[in-house]
Amino acid sequence: MTARTDWQAWHEPYADPDSPLSRRLRLVQQHIASWLDQRSEERLTVVSACAGQGHDLVGVLAARPDARRVRCTLIEYDQRNVGAARSAADRAGLSNLAVRQADAGDLSSYVGAVPADLVLMVGVFGNISDSDVRRTVAALPQLCAAGATVIWTRARRAPDLNPAIRAWLREAGFVEEAFHAPDGVRFSVGVHRLEGAPRPLDATEVVFSFLR
Ligand SMILES: C[S@@+](CC[C@H](N)C(=O)[O-])C[C@H]1O[C@@H](n2cnc3c(N)ncnc32)[C@H](O)[C@@H]1O
C-alpha cells in the first residue's frame, strides 16, 4: 500500500503551462469546446467524474457566451478540491455548475445529474484497477444520454491499457471520434460517442474505488 495521494497538491503542475498536465488539459478543453460547437441544443447536461478543481470545464465555460446552455455536475471527493472548483465556478459566474462532494465510483452519486450529453472521465482510469476500468466503461451507457460524448484519459505506462480501453468502449456501444497519444508525454486522451442505446442508472452499483 502506497501513501495516499494529496489530490490538492496533484493540481500544482497546472500552474506551469508547459507541464504535461497542462498540455493534457488543453487537449481536453479543445474537445469540450468543439463538442459545444457541434451541439446546438438550448439545454445540455455535463457530468464530470473525479472532477478535481474543475479546470477543464470551468476553463472552457468561463470563456463561452453560451455557457448558460450547459448544466454541469462535478463529482469530487476531496473537500479542498470541491471548494476550489466552487470558487472557480463562482468567479466565472457559472451559476449552472454544481459541485457534489461524493464518491464518483458509486453510481448513486449521479442521481439527478445524468443522463448527460457529455461525460468527463479525466484522470480516473489511471488510478483504479484494470478490472474497475472495465466495469466503469461497461457502465458508461448508464451515465449517457442518447448520442452522448465521453472524454477520457489514461497514461500509457506499461503495460499499456489503452488498447483494451478502446476495445471495451466499442463493446459498450461507443464509436471513437478521436484518440491522442502525443510523443514525449505519457498521457493519452480519447473521445468516444455513444451509438448504442443508453441504459437506466442502477444506483446500487459501485464501479470503482481509487487505488492511490
Ligand atoms: C487525477 S485527479 C483528476 C482531477 C481532474 N479530473 C483533472 O483532470 O484535473 C483525480 C481526482 O479524483 C478525486 N477522487 C479520488 N477518489 C475519488 C472518488 N472516489 N470519487 C470522486 N473523486 C475522487 C481526487 O480528489 C482528485 O481530485
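Which residue places a polar side-chain atom 2.9 Å from an oxygen atom of the ligand? The residue is Arg24. The structure is a predicted model, in which local features need pLDDT of at least 70 and side-chain atom pairs count only at pLDDT 80 or more, while totals for chains, interfaces and linings use all residues. Residues are numbered from 1 along each chain as its sequence is written, and side-chain values use heavy atoms, without hydrogens and water.

**View 1. Ligand site.** The ligand is surrounded by 19 residues, each having a heavy atom within 4 Å of it. The closest are Tyr14, Cys50, Glu76, Ala104 and Val122. Polar contacts are pairs of N or O atoms within 3.5 Å. In one of them, a polar side-chain atom of Glu76 lies 2.5 Å from an oxygen atom of the ligand. In another, a polar backbone atom of Cys50 is 2.8 Å from a nitrogen atom of the ligand. Of the 600 Å² of accessible area that the ligand has on its own, the protein covers 95% (Shrake-Rupley method, 1.4 Å probe).

**View 2. Helix 4.** Helix 4 spans residues 130-139 (helices are DSSP runs of H or I, at least four residues; strands are runs of E, at least two). Its buried residues are Asp132, Val133, Thr136, Val137 and Ala139, where buried means under 20% relative accessible area with a 1.4 Å probe, protein chains only. Down the helix axis these residues fall within an arc of 165 degrees, so they line one face of helix 4; the arc is taken from the directions from the axis to the C-beta atoms. They pack against strand 4 (116-121) and helix 5 (162-171).

**View 3. Largest nonpolar core.** A nonpolar core is a set of buried Ala, Val, Leu, Ile, Met, Phe, Trp, Tyr and Cys residues joined through side-chain atoms within 4.5 Å. Of the 34 residues in the largest one, Tyr110, Val119, Met121, Phe125 and Ile165 touch the most other members. Strand 1 (44-49), strand 4, helix 4, strand 5 (144-155) and helix 5 each give two or more residues. Strand 5 gives the largest share, four residues. Beyond four places in sequence, Ile165 is in contact (heavy atoms within 4.5 Å) with Phe125, Val133, Val137, Trp152 and Arg154.

**View 4. Tyr110.** Tyr110 lies in the loop between strand 3 (97-101) and strand 4. Its relative accessibility is 1%, so Tyr110 counts as buried. Contacts of Tyr110 beyond four places in sequence include Val47, Ile75, Met121 and Leu201. Leu143 is 33 residues from Tyr110 in sequence, with a C-alpha to C-alpha distance of 7.7 Å.

Notes:
Buried means under 20% relative accessible area, exposed over 50%, partly exposed in between (1.4 Å probe, protein chains only). A polar contact is a pair of N or O atoms within 3.5 Å; within protein, one must be able to donate a hydrogen and the other to accept it, and residues adjacent in sequence count only if both atoms are side-chain atoms.
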